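Subject: Structure for your review

Dear colleague,

Please find the structure below, with the sequence alongside. My notes on the fold follow.

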Amino acid sequence: MFAAYELINCSPGKSEQVAVALRRIKGVKQAHVVTGLHDVVAYVEAPNLNELTRLIITKIQGTKGVSRTVTCMVVN
């Protein structure tokens, strides 16, 4: 299993809508609106690296209201 934390910046006023939309995506295990440098933090899992890449690039970055992401791969 491959996993990552996605640190997400959203368009102004869209954090809650983005978190709700992300929670509906298969592979997104958690998504929370947070304070600080990023607006939403999501924990994602996929069975292999190719699926994780597709999930991040196609689904998460393609979500309306997402303006930028930082991916932190889980290594242990």
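The radius of gyration used here is taken over C-alpha atoms, and the globule rule is 2.2 Å times the number of residues to the power 0.38. For 76 residues, a compact globule would therefore have a radius of gyration near 11 Å, and the chain agrees with this at 11 Å. Note that this is a predicted model.

Along the principal axes, the C-alpha atoms fill a box of roughly 35 × 20 × 15 Å. The accessible surface of the chain is about 4,800 Å², and carbon and sulfur atoms account for 54% of that surface. Of the 76 residues, 38% are buried.

The chain contains two helices and four strands, arranged along the sequence as β-α-β-β-α-β. Taking contacts between residues at least 6 apart in sequence, 65% join residues at least 24 apart.

Most of what I looked at concerns strand β3 (residues 40-46). Five of its seven residues are buried, so β3 is largely enclosed by the rest of the structure. Strand β1 (residues 2-10) pairs with β3 in the antiparallel sense over seven bridges; A4 has V44 in β3 as its bridge partner. Strand β2 (residues 28-33) also runs antiparallel to β3, joined to it by five bridges, and A31 stands opposite A42 in β3. Six residues separate β2 and β3, which form a hairpin, and G36 in the turn has a positive phi of about 115°.

On charge, the chain carries 9 positive and 5 negative side chains, with the centres of the two sets 7 Å apart.

Regards

Key:
Residues are numbered from 1 along each chain as its sequence is written. This is a predicted model: local features need pLDDT of at least 70, side-chain atom pairs count only at pLDDT 80 or more; totals for chains, interfaces and linings use all residues. Side-chain values use heavy atoms; hydrogens and water are left out. Buried means under 20% relative accessible area, exposed over 50%, partly exposed in between (1.4 Å probe, protein chains only). Two strands pair if DSSP finds at least two bridges between them. Contact means heavy atoms within 4.5 Å. Accessible areas come from the Shrake-Rupley method with a 1.4 Å probe; for residues, only the protein chains shown count as cover. Lys and Arg count as positive and Asp and Glu as negative; His and the chain ends are not counted. The place of a charge is taken as NZ of Lys, CZ of Arg, CG of Asp or CD of Glu.
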